[in-house]
Amino acid sequence: MNVAHDPAGLRPGERAVAVGSFDGVHRGHRRVLDAVRAVDPPATVVTFWPHPRAVLGNPIELLATLERRLELLEEAGVDEVLVLPFTAELARLEPEAFADEVLRRIGTKVIVVGENFRFGRAAAGDVELLDHLGFDVRPVPLVEGVSSTRIRQLLGAGGVEAAARLLGRPAEIEGVVALGDRRGGMLGYPTANLDVPPELLVAGYGIYAGAALGHRAAVSIGINPHYGGQERRVEAYLLDFEGELYGSRVVVELWSRLRDEQAFASEDDLVRQIARDVEAARTAVRPI
């Protein structure tokens, strides 16, 4: 998949384009992507980084990093992506100017968007305006109940299985493996301590079953209350894994929430509970 960060990075020619933030590449996004792929190739996506809401002063926790978003778009069969730097200047463009400076510049003939799509300064542009400007606009009906906002709400409450139904794939968390307290190794369950990008949403505190790097995983999200922790940690124990992960980017799927995190009467009690969590992870069922 070709990824460009400026319109000049796309080859000249007419194209069908899907436009949007595509945070999480959920089932609603996939419907739009399937529709643009049904038009003559190349299937092109125009997306933005950072997220427009963040630039406009509305903090947002993302469902996926840009790197992961691009991977998911490629998995969905997209041929090329234009990642536009979303700046205050871009936000101030009138819809007609955005159409001229971006869409027409890359040869857009067909535009595929969700039926509630808005664009341009103060979100003044819509599907009707795109049609008026002469594009072949193909609005795609929304998938009822599916939105990035709803998925964020579910994940914040630990509802990873419900979130998976809206995503069309397991919920995820990703980060680079960093040095932690190494308590897991001393207890017999060495974990990968993930340094999660600050813009990324993290599921609610608890213990989860999931998978990473082709291995099932028991995942702890929280503050390690047994040891009086204060800072949030995301730690994954990969079953039957041998190797070194420090410095590696790891994407962890969250399949099911097993329990709340808790403090135990003794370290022996903690180890026995970890063993039960690991066995639960070993038998867990991937939600999608």
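Mentor: One definition before the details: contact means heavy atoms within 4.5 Å. Keep in mind too that this is a predicted model.

Trainee: Fine. I clicked on Asn224. Which residues does Asn224 touch, not counting those up to four places away in sequence?
Mentor: With those sequence neighbours set aside, Asn224 touches Gly229, Arg233, Glu235 and Glu261.

Trainee: And where does Asn224 lie?
Mentor: In a loop, between strand S10 (215-222) and strand S11 (233-238).

Trainee: Is Asn224 buried or exposed?
Mentor: Asn224 is buried, because its relative accessible area is 18% and the cut-off for buried is under 20%.

Trainee: What joins the side chains of Asn224 and Glu235?
Mentor: A polar contact of 3.5 Å.

Trainee: Glu235 again, then. What stands opposite Glu235 in S11?
Mentor: Asn193 does. The strands S8 (residues 192-195) and S11 run antiparallel and are joined by 2 bridges.

Trainee: How do strands of a sheet pair, in general?
Mentor: Through backbone hydrogen bonds, in either a parallel or an antiparallel arrangement.

Trainee: Back to this model. How many strands are in the closed barrel?
Mentor: The barrel has 6 strands, in the order S7-S8-S11-S10-S9-S12, and the pairing is antiparallel. On average, neighbouring strands of this sheet are turned by 45° against each other, direction ignored.

Trainee: Which helix packs on the sheet?
Mentor: Helix H3 (residues 66-75), which touches strand S7 (171-178) and strand S12 (249-259). The direction of H3 makes about 85° with that of S12.

Trainee: Let's stay with S7. Why is S7 described as largely enclosed by the rest of the structure?
Mentor: Because 6 of the 8 residues of S7 are buried.

Trainee: How many bridges does S7 have with S12, and how many with S8?
Mentor: S7 and S12 pair over 6 bridges in the antiparallel sense, with Ala171 opposite Leu254 in S12. S7 and S8 are also antiparallel, over 3 bridges, and there Val177 stands opposite Leu194 in S8.

Trainee: Changing topic: what volume does the largest pocket have?
Mentor: About 1,100 Å³. The pocket is lined by 39 residues, and the closest to its centre are Gly20, Ser21, Asn116, Phe117 and Arg118.

Trainee: Which elements give two or more residues to the lining of the largest pocket?
Mentor: Helix H1 (27-37), helix H2 (52-55), helix H4 (88-91) and helix H7 (148-156).

Key:
Residues are numbered from 1 along each chain as its sequence is written. This is a predicted model: local features need pLDDT of at least 70, side-chain atom pairs count only at pLDDT 80 or more; totals for chains, interfaces and linings use all residues. Side-chain values use heavy atoms; hydrogens and water are left out. Helices (H or I, at least four residues) and strands (E, at least two) are DSSP runs, numbered from the N terminus. Buried means under 20% relative accessible area, exposed over 50%, partly exposed in between (1.4 Å probe, protein chains only). A polar contact is a pair of N or O atoms within 3.5 Å; within protein, one must be able to donate a hydrogen and the other to accept it, and residues adjacent in sequence count only if both atoms are side-chain atoms. Two strands pair if DSSP finds at least two bridges between them. Axes are lines fitted to C-alpha atoms, for helices over the stretch in contact, and angles run from 0 to 180 degrees between N-to-C directions. On a 1 Å grid over the protein atoms alone, a cavity is a set of points where a 1.4 Å probe fits but cannot get out, and a pocket is an open set with protein on both sides within 12 Å along at least five of seven lines; lining residues have an atom within 4 Å of a point. Grid points are joined across faces, edges and corners, and a volume is the space filled by probe spheres set on the points.
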